[in-house]
Amino acid sequence: MKSPLLGAFQQPGNGPPHMLGPMQRMPAPMRRFTEHDEIDYVIVGVGAAGGVLLQRLARAGFNVIGFDAGPFWDTERDWVSDEKGSHKLYWTNKRITGGKHPLALGANNSGQGVGGGTVHWASFTPRLHPSDFHTYSLDGVGVDWPIQYDVLKPYYELLELELPVSGPSHFPWGHPHGYPYGPHPMGGVGNALIKGCVALGIGVSSGGPVAILNGSRADRPHCIYRGFCIQGCKVGAKASTLVTHVPDAIRSGAEIRPQSMVSRIELGANGRVTGVHYFDSDGNRRFQKAKAVIVSAYSIETPRLLLNSACPGFENGLANSSGTVGRYLMAQAGNVILGRFEELVRMYKAPPAHALTEHFYETDPKRDFARGFAIQTVGPLPLAFGKQMMTAKGAWGWGLRSIMMDYNHWADFGFLGEILPNAENRVEVAEEKDNFGIPIAKVTFNLFDNDKKLIDFGKKKTMDVMWAAGAQEVVQEARYAHLVGAARMGSDPRTSVVDQFGRTHDIPNLFVCDGSVLPTQGSANPGLTIMALAARTANYLIKQGAEIFSSDKRSMETSAIRYDLSPPDTWGHGMPRLK
Ligand SMILES: Cc1cc2nc3c(=O)[nH]c(=O)nc-3n(C[C@H](O)[C@H](O)[C@H](O)COP(=O)(O)OP(=O)(O)OC[C@H]3O[C@@H](n4cnc5c(N)ncnc54)[C@H](O)[C@@H]3O)c2cc1C
Ligand code: SF4
């Protein structure tokens, strides 16, 4: 796990500063707790959710440590603007995959290191639609959430300012709203999407919503339109919790323990968790005491950790009295549609994420399936494009080489389709162990009738848009994107793992807060929703104060949103938005 060059944190004053972009340096020395300190919160995983939680809890004055299995990137030292060289950003440790329609695990699903998946996300940041929160009542599929859209709306608005999100002043789908930062200019793929949609009379959003700066803000420069977003954005224009929330967390007194793999959560005799066992950056076994634990380790590693923490009283996995830990894992259908154009497209000359349509998002009674899909720009760099062409066209050898030389004439659209939750789609732990001796995850995934019909329809529609844009040839690669679920929230402890605040039904001081808690997923990219939920969970924890550490009383009282907990100078800026 340890790499001598990557991820070491440089304290200010001891040699070169720790950089998070060409201009952003870590603001303060990082606080260090000892293992004997009983700290308030341990957060397992400093990714999309973990980064927001860490920042909020530290700002509110709690003693908090964020553990991450991967490095604490110094982006100037550790990152390169090279497609192959960025592979270290992904969680590539072994996971077993199976089922009738298995997920490809390894690269296109999760991140490793401080910032988690937000380091390599494309940063499309649409909100879920109001309908997503009650698909069962509305369409007879999926399950209703324990909260509705209106509950999350102020947190969406808050996170859109904190990241911030650029987008149109009027976004017409779901709950119509506008963005406080203006849209980005179009790249070649966005132009093609707009052309195709307009030709077919389909509405399209250009220039966002995407969490990329189109003007400098504080010590983060604006986008330079070079297309390396999925490789980490060395510029710092793309939002990740590494650059948006972690600096304020450190400034507010949080500690981050990078390259520290949590292997087990300890349950005490009183039915409350007492801390976490982990392997430090030298591979030594350690234990950190904590008054409460929050698991934010992603939809595969979160259920893996809970299942691996089985103990007397919870023989099937910690907090798993419902038997739903690991179940209802979801991925979105993410087929890539590639079109060849006579004119130059130059996919790399823009962020991959810059235009989309949610025209087909909602259930349409005229179709033979429930729910829907989005169509978005995708701008792979040459290696990813080559890999897509190997699948889409069977390209190999000289054929692959000549297609790659034609790269600048191709455009990619991503079809993002809602796959419904199903108990059979799940994460379990295998007999096989990783290099620490921890059982690895085994993932089973199947598509069911509604999913197959939706994918078939959506794929054809996306191809129609590509043809309508003027493509001379259109091919496609079947793919999945964005894993969520596997520790879902709900009101009923018999059918869900956590309540609406992320508190496990079984253990009063154990929380789950990340993409795992999503009961359904819509066809919006999940990151903004995950962060909005994390901000809401943090608000709840802060309001409850020390009660969480001692009382088993489960307050379901919601608290007023705390704008003063945002990273400084993020709240209250931007244009007044259309509500
Ligand atoms: C190529 C790509 C593009 C994407 N683009 C978008 C996009 O445009 N928009 C969008 O909304 N979403 C996008 N996503 C998805 C998005 O990145 C994830 O949904 C999101 O990051 C998940 O958040 P999380 O908090 O659940 O977990 P993560 O952000 O993955 O964080 C989990 C963290 O936990 C750490 N961890 C795991 N296990 C342990 C352990 N046992 N001990 C210690 N640490 C541990 C990991 O190292 C990681 O840092 C994309 C994903 C990929 C792969
Ligand atoms: S295109 Fe992407 S990688 Fe390049 S500066 Fe803009 S956000 Fe960063």
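User: Where in the chain is the place of Pro-164?
Analyst: In this predicted model, Pro-164 sits in the loop between helix H4 and helix H5 (188-199).

User: Which other peptide bond, from Gly-208 to Pro-209, should be noted, and what is its omega?
Analyst: The bond from Gly-208 to Pro-209 is cis, and its omega is near 5°. Pro-209 belongs to the loop between strand S4 (205-206) and helix H6 (241-244).

User: What is the phi of Ala-218, and is Ala-218 buried or exposed?
Analyst: Ala-218, which is not a glycine, has a positive phi of about 50°. Its place is in the loop between S4 and H6. The relative accessible area of Ala-218 is 72%. The term exposed requires a value over 50%, so Ala-218 is called exposed.

User: Why is Tyr-225 called partly exposed?
Analyst: Tyr-225 has a relative accessible area of 26%. Buried would need a value under 20%, and exposed a value over 50%. The value for Tyr-225 lies in between, and Tyr-225 is therefore called partly exposed. Tyr-225 is also in the loop between S4 and H6. Its phi is near 55°, a positive value in a residue other than glycine.

User: What are H4 and H12 to each other in direction, and how do you know that?
Analyst: Helix H4 (residues 149-162) and helix H12 (residues 527-544) pack at an angle of about 110°, and their axes are 9 Å apart. Angles of 65 to 115 degrees count as roughly perpendicular. The angle falls in that range, so H4 and H12 are roughly perpendicular to each other. On the H4 side, the contact includes Val-151, Leu-152 and Tyr-155; on the H12 side, the residues include Leu-528, Met-531 and Arg-536.

User: What is the make-up of the contact of H4 with H12 by class?
Analyst: The contact has ten nonpolar, two polar and two charged residues.

User: What makes strand S15 (residues 439-444) mostly covered?
Analyst: Five of the six residues of S15 are buried. Each buried residue has a relative accessible area under 20%.

User: How many bridges join strand S3 to S15, and how many join strand S14 to S15?
Analyst: Three bridges join S3 (residues 96-98) to S15, and these two strands run parallel. Five bridges join S14 (residues 426-433) to S15, and that pair runs antiparallel. Two strands count as paired with at least two bridges between them, so S15 pairs with S3 and with S14.

User: Which residues stand opposite Val-443 and Pro-439 in S15?
Analyst: Thr-97 stands opposite Val-443, and Lys-433 stands opposite Pro-439.

User: What do S14 and S15 form, and what is the phi of Gly-437?
Analyst: S14 and S15 form a hairpin that has five residues between the two strands. Gly-437, in the turn, has a positive phi of about 90°.

Note on methods
Residues are numbered from 1 along each chain as its sequence is written. Chains are lettered from A and ligands numbered from 1 in the order in which they are written. This is a predicted model: local features need pLDDT of at least 70, side-chain atom pairs count only at pLDDT 80 or more; totals for chains, interfaces and linings use all residues. Side-chain values use heavy atoms; hydrogens and water are left out. Buried means under 20% relative accessible area, exposed over 50%, partly exposed in between (1.4 Å probe, protein chains only). Helices (H or I, at least four residues) and strands (E, at least two) are DSSP runs, numbered from the N terminus. Axes are lines fitted to C-alpha atoms, for helices over the stretch in contact, and angles run from 0 to 180 degrees between N-to-C directions. Angles under 35 degrees count as roughly parallel, over 145 as roughly antiparallel, 65 to 115 as roughly perpendicular and the rest as oblique. Contact means heavy atoms within 4.5 Å. Ala, Val, Leu, Ile, Met, Phe, Trp, Tyr, Cys and Pro count as nonpolar, Asp, Glu, Lys and Arg as charged, and the others, Gly among them, as polar.
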